[in-house]
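Dear colleague,

I am handing over the structure we spoke about, with my notes on it below. Please read them alongside the model itself.

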Amino acid sequence: MKSYPKIEHYNQGPFGQDCYAFYKYDGSNFRAEWSRKRGWYKYGTRNVMVDKNTPMFGEAIDIFLNKYGEGLDSVFRKEYKRVDSFVVFGEFIGENSFARKHLDEDEKDIILFDVNQFKRGFLPPDEFINNFGHLDIPKIVYQGEYNHELIEKVKTNQLNLEEGVICKGVIKTKKEGEIVWMNKIKCNDWINKVKMLYGEKSLMEEFN
């Protein structure tokens, strides 16, 4: 099952390109695979497969199916009749989740944030919003040019964020056609809290 790719840091962004900035929830990556013949049949975190007996993340399966199972199936069958398989990605969160750490006693939720088509890749953000926005996706906090002003607003948390944003857009190339790009911008307050609680080494993934 496809894993979610590493998202480049904000300084690697295509400045001057149009983008959507989606609210980034502070949780853990959850993925599920659907096929036209089998329905929902595979589940995982970012790096490992899980089932309903997996500690902590096993409960994410029922949360996901109860919230999105039928709705996503309906969209796939109606809007994507020529696509046989999808992997969808969501953020597994609790009320007190922080830096991918969760409390057992918290009520959990999943927020759908991306859809990948078999052999076709991730949906462009406008298509994702148009076809799946009714199913509870991250709030769009900005739409416009990817620029230093946006980066500064996120870093100084002028947009009332928790962790930061994921920016997505499309670049047209001669060789590969349209390519979906993604970049992350984190709030300084969130970064400083991680550093204070877990040390500098815990931030290495953010900047490498």
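At 3% relative accessibility, Phe22 counts as buried, where buried means under 20% relative accessible area, exposed over 50% and partly exposed in between, computed with a 1.4 Å probe on protein chains only. Before going further, please keep in mind that this is a predicted model, in which local features need pLDDT of at least 70 and side-chain atom pairs count only at pLDDT 80 or more, while totals for chains, interfaces and linings use all residues. Residues are numbered from 1 along each chain as its sequence is written, and side-chain values use heavy atoms, with hydrogens and water left out.

Phe22 belongs to strand 2, residues 18-24; helices (H or I, at least four residues) and strands (E, at least two) are DSSP runs, numbered from the N terminus. Leaving out residues up to four places away in sequence, Phe22 touches Pro125, Phe128, Ile129, Pro138, Lys139, Ile140, Gly164, Val165, Ile166 and Lys168, a contact being heavy atoms within 4.5 Å. One of these, Gly164, is 142 residues away from Phe22 in sequence, yet their C-alpha atoms are 8.6 Å apart in space.

Taking the pairings in turn, strand 2 and strand 9 are antiparallel and share five bridges, with Tyr23 standing opposite Val165 in strand 9. Strand 9 and strand 10 are also paired in the antiparallel sense, over ten bridges, and a hairpin joins them through three residues. Within that pair, Cys167 stands opposite Asn183 in strand 10. Strand 1 and strand 10, by contrast, run parallel and are joined by two bridges, and His9 has Lys184 in strand 10 as its bridge partner.

The cysteines

If a disulfide is taken as a pair of cysteine sulfur atoms within 2.5 Å, the count comes to zero. Cys19 is in no disulfide, and the nearest cysteine sulfur to its own, that of Cys167, is 4.5 Å away. Seen from Cys167, the closest cysteine sulfur is the one in Cys19, and 4.5 Å is too far for a bond.

Which residues of helix 3 are buried? They are Leu150, Ile151 and Val154. These cover an arc of only 100° around the axis, which puts them on the same side of helix 3; the arc is that of the directions from the helix axis to the C-beta atoms. Their cover includes strand 2, strand 8, strand 9 (164-173) and strand 10 (177-186), whereas the face turned away from the buried side carries the exposed residues His148 and Glu149.

Asn147 is placed in the loop between strand 8 (140-145) and helix 3 (148-155), and with a relative accessible area of 16% Asn147 is buried. At the start of helix 3, a side-chain oxygen of Asn147 reaches to within 3.2 Å of the backbone nitrogen of Glu149, and the Asn147 side chain also reaches the backbone nitrogen of Leu150 at 2.8 Å. Apart from neighbours within four places in sequence, Asn147 is in contact with Phe15 and Tyr142. After helix 3 comes Asn157, with a positive phi near 55°.

Helix 4

In helix 4 (residues 188-198), the residues Trp190, Ile191 and Val194 are buried. They cover an arc of only 100° around the axis, which puts them on the same side of helix 4, while Asp189 and Met196 are exposed on the face turned away from that buried side. Gly199 follows helix 4 and has a positive phi, near 90°.

Note on methods
Polar contact = N/O pair within 3.5 Å; in protein donor to acceptor, adjacent residues only side chain to side chain. Pairing = 2+ DSSP bridges.
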